[in-house]
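Let's take a friendly walk through a few local features of this model. Have the coordinates open as you read.

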Amino acid sequence: MSTTAPELRERARKLRQLSEDGVLVLPNAWDAGSAAVIASAGAPAVATTSGGVSWSLGSGDGQRLGRAEMAEAARRIVAAVDVPVTVDAEGGYGPLPADVAATVEAVIGAGAVGVNLEDSTAVGGPLFPVAEQAARLRAARTAAAAAGLPELVVNARTDVFLFGLGGLDDVLERAEAYAKAGADGLFVPGLLDLDALAELCERVALPVNAMAVAGGPTVAELAAAGVRRVSVGTGLAQLAYTAARRAAAELLGAGTLTDPDGSLGFGELNALFRG
């Protein structure tokens, strides 16, 4: 599906509005098929997961995938759905502001209208110094405007809690700097304490994105704490791959293949694709 500049700008405005009007719930996709299924379930937008995308292409997560591979995967996902797509671009595929700018250009070129950019230099840290990450986010904002999509939704992810590299004060410092640099949202994976989330949501100007996990707070509980965006990272991809392994083990062991209750039929899945 080709998308014109006015259409991209309208999708970006829609994505932005979704987290302003209520809580935007984003079940993360990892390929065109998962994106189509997620959209068919009623998702108003689709987010990618770098881990899931990497696995589907034979790589591990943690910026082992290249910028071009990420962009091509995003292009296929965009083509599979009619809703706005936001891309997990990890740390921007390079440490410099120019690297982040190139990544934003690639994301927009793929037809996506949002991007996640994290402040980890590597899995487990350390994090980019606050000023350096702010400069990287400013580069993203500038690149989006230069590419004709100033409405691009830039979701700034901080891994302070995910990797145990600080506390709420550290997140607040980064949130202020990231907002000044042009970020549109603050993503704090690893923080699911509802009291801490409520304090964060009250004290920062940016809409807060939390990553839900199995057994953790519900969407309603996160929303009550002030969270405006909820995603699940690799959660759905893990469930899908687990189901595939269980079925394969059953077939290789007992020699049977149990049809799970409510499984999608061939015709239903095939009808989701226009190609």
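Which residues does Arg141 touch, not counting residues up to four places away in sequence? In this predicted model, they are Arg16, Pro150, Glu151, Leu152, Val154, Ala181, Gly182 and Asp184. Arg141 itself is found in helix 6, which covers residues 130-146. Its relative accessible area is 18%, and because buried means under 20%, Arg141 counts as buried.

Next comes a pair of helices. Helix 7 and helix 8 pack with their axes 11 Å apart, at an angle of about 25°. Since angles under 35 degrees count as roughly parallel, that term applies to these two helices. The crossing of helix 7 past helix 8 is right-handed. The table shows who meets whom.

| Helix | Residue range | Residues in the contact |
|---|---|---|
| Helix 7 | residues 168-180 | Leu168, Val171, Leu172 |
| Helix 8 | residues 194-203 | Ala196, Glu199, Leu200, Arg203 |

Sorted by class, this contact of helix 7 with helix 8 has five nonpolar residues, two charged ones and no polar ones.

Finally, where does Gly60 lie? Gly60 sits in the loop between helix 3 (50-56) and helix 4 (67-80). Leaving aside neighbours within four places in sequence, Gly60 is in contact with Ser54 and Trp55.

How values were computed
Residues numbered from 1 in each chain as written. Predicted model: local features only at pLDDT ≥ 70, side-chain atom pairs only at ≥ 80, totals over all residues. Heavy atoms only, no water. Helix = DSSP H or I, 4+ residues; strand = E, 2+ residues; numbered from the N terminus. Contact = heavy atoms within 4.5 Å. Buried < 20%, exposed > 50% of the residue type's maximum accessible area, 1.4 Å probe, protein only. Axes fitted to C-alpha atoms, helices over the stretch in contact; angles between N-to-C directions. Parallel < 35°, antiparallel > 145°, perpendicular 65-115°, else oblique. Left-handed = near helix turned anticlockwise from the far one by under 90°. Nonpolar A, V, L, I, M, F, W, Y, C, P; charged D, E, K, R; others polar.
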